Amino acid sequence: MTAALTFNDYPFLKELGLEEDNYGMYNGKWGGAGEFHTTINPTNGKPIARIRQATAEDYEQCLKSMTDSRKMWAAYPMPKRGEIVRQIGEAMRAKLVPLAKLVSLEMGKIYKEGIGEVQEFIDMCDYATGMSRMIAGQIIPSERPGHVIHENWHPLGLVGVITAFNFPVAVFGWNTAVSLVCGNCQIWKGASSTSLITVAVTKLVAQVLEANKLPGGIATMVIGPGRSVGEMLIQDKRLSLISFTGSTEVGRHISSVVHTRFGRTILELGGNNSVVVMDDANLDLALRAVVFGAVGTAGQRCTSTRRVLLHSSVYDTFVERLTKAYKTINIGNPLEETTLMGPLHTSGAIKEFEEGLSEIQKQGGKIIAGGKVLKEKGGFFVEPTIVTINHDADIVKTELFCPILYLIKFNTIDEAIDWNNEVPQGLSSSMFTNNQMNVFRWTGPLGSDCGIVNCNAGTSGAEIGGAFGGEKETGGGREAGSDSWKQYMRRATCTINTTSELPLAQGINFG
């Protein structure tokens, strides 16, 4: 017997325009002719609502709408595109609270983190709005008399965005705010398990487009399985760029397919992030950073702290304080104010947690805190877990997407840097030290090999003004701030001759 939907238990869902049954395709009109997908509340394992998924025909309708809108949107002045993005931010701001509650309900992160995630999209809209009046090319001196060389930046055209369950609002915001300002039309496929969030956010974007009498083809959306709908996106030669956030395994496949057709990718893949605690570190700071980094979002951030490398002189003290702190973590309903850790997102994550701990112990690891599945809570809850293990155990090089934290003892900064860098992933890293020499060594060319290299700040909680992304098996993509916008545009180097002569470069005389 099919369990009854619990949609009516959450009045804030109706504030977002959601219903028990929702369409999973938008291209200016709502539709979807595929099978129903039922979203699950990870706090209790009960169904929330249904979404009618997109079919191949629905996908083609989106691409047609995008193609029809491409020239108009590319010619729309960039500051005016920025104004549309500003209005999207305002629409998000008006629904900040119900959206944050939806993130907690469907994804499982605590309400405070849900607020922060929606705010991140709002901040990106503010950032991109300002950027819409600042993106510039450059004038380059020419060696030829009467010649001018300048660079122009133009939209790529059509872009695909595939986002993961763990940041179902923010990562879409990183891409959308920048890509729309850059003049692209896009299609978004969110994770199926957070489909209600995808629909709710799309409704807010659609509301702004419709209010400005702009076509829905500027920002389309499809919901469906990765093996069908997702595969259509990555195989589609009409999409100049695929931005993907997810596992390294899937990212490797996407990279192979998209680059074979000479498309571009922005890949945000696995992280295996370490905090290095030096002998001179402020242990109070380091402790707070490690607890938030390891426990926040139940260890399901790509920037979650996975490893803590502890100098031998502070090891015992830090371990004692950390295990005490873990005992104070309130695990429960993410919508309740006092909760510090919600559930894992799916039952599959519970399996990963259990199998991961079994393998850890086979490889010599020892569980010193946590380690249990909390079946009595009724949802997908586990205890945040601390493990002591050797730095070179094979399991340490594998990202387990759950709240398992490795503690590793080192003696010298050389060891700490080498062990930080020896994993195949390269997203985020942090060192706690008050020694300036350590700081500049850590952040220098022979220090951390990650894309995010922090000092006296944790591995997670990056600000939007910097480029977000990592190296090695993290994929090399960059999103959000700095010059990440360049990935969404194509560069044209233009040489203009203002004379009646035709001199050649490098002094060549061709008769």
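Colleague: How do the axes of helix 3 and helix 6 cross?
Modeller: In this predicted model, the axes of helix 3 (residues 78–94) and helix 6 come within 8 Å and cross at roughly 155°. Axes are lines fitted to C-alpha atoms, for helices over the stretch in contact, and angles run from 0 to 180 degrees between N-to-C directions. Helices (H or I, at least four residues) and strands (E, at least two) are DSSP runs, numbered from the N terminus.

Colleague: Parallel or antiparallel, then?
Modeller: Helix 3 and helix 6 are therefore roughly antiparallel to each other. Angles under 35 degrees count as roughly parallel, over 145 as roughly antiparallel, 65 to 115 as roughly perpendicular and the rest as oblique.

Colleague: Which residues make the contact?
Modeller: Helix 3 contributes Met 78, Arg 81, Gly 82, Val 85 and Ile 88, and helix 6 contributes Ala 177, Leu 180 and Val 181. Contact means heavy atoms within 4.5 Å. By class, this contact has six nonpolar, one polar and one charged residues. Here Ala, Val, Leu, Ile, Met, Phe, Trp, Tyr, Cys and Pro count as nonpolar, Asp, Glu, Lys and Arg as charged, and the others, Gly among them, as polar.

Colleague: Before we move on, what are the ground rules?
Modeller: Residues are numbered from 1 along each chain as its sequence is written, and side-chain values use heavy atoms, with hydrogens and water left out. As the model is predicted, local features need pLDDT of at least 70 and side-chain atom pairs count only at pLDDT 80 or more, while totals for chains, interfaces and linings use all residues.

Colleague: Now the sheet. What is the order of its seven strands?
Modeller: The order is 15-16-17-14-13-19-20, in an open sheet with mixed pairing. Two strands pair if DSSP finds at least two bridges between them. At the edges are strand 15 (366–369) and strand 20 (452–455), each pairing on one side only. From one strand to the next, the twist averages 25°.

Colleague: How many bridges join strand 13 to strand 19?
Modeller: There are four, and strand 13 (residues 273–277) and strand 19 (residues 428–432) run parallel. Val 277 has Phe 432 of strand 19 as its bridge partner.

Colleague: Which strands does helix 11 touch?
Modeller: Helix 11 (residues 315–326) packs on the sheet against strand 14 (305–311), strand 15, strand 16 (385–388) and strand 17 (404–410), and its direction makes about 165° with that of strand 17. Helix 14 (residues 436–443) lies across strand 13, strand 19 and strand 20, at about 175° to strand 20.

Colleague: Changing topic, how much space lies in the largest pocket?
Modeller: The largest pocket holds about 940 Å³ of space. Of its 39 lining residues, the closest to its centre are Ala 164, Phe 165, Gly 246, Ser 247 and Val 250. On a 1 Å grid over the protein atoms alone, a cavity is a set of points where a 1.4 Å probe fits but cannot get out, and a pocket is an open set with protein on both sides within 12 Å along at least five of seven lines; lining residues have an atom within 4 Å of a point. Grid points are joined across faces, edges and corners, and a volume is the space filled by probe spheres set on the points.

Colleague: What classes of residue line the largest pocket?
Modeller: Its lining has twelve nonpolar, 19 polar and eight charged residues.

Colleague: And which residues line the largest cavity?
Modeller: They are Phe 172, Gln 186, Trp 188, Thr 202, Val 205, Ala 219, Thr 220 and Met 221. The largest cavity has about 40 Å³ of space.
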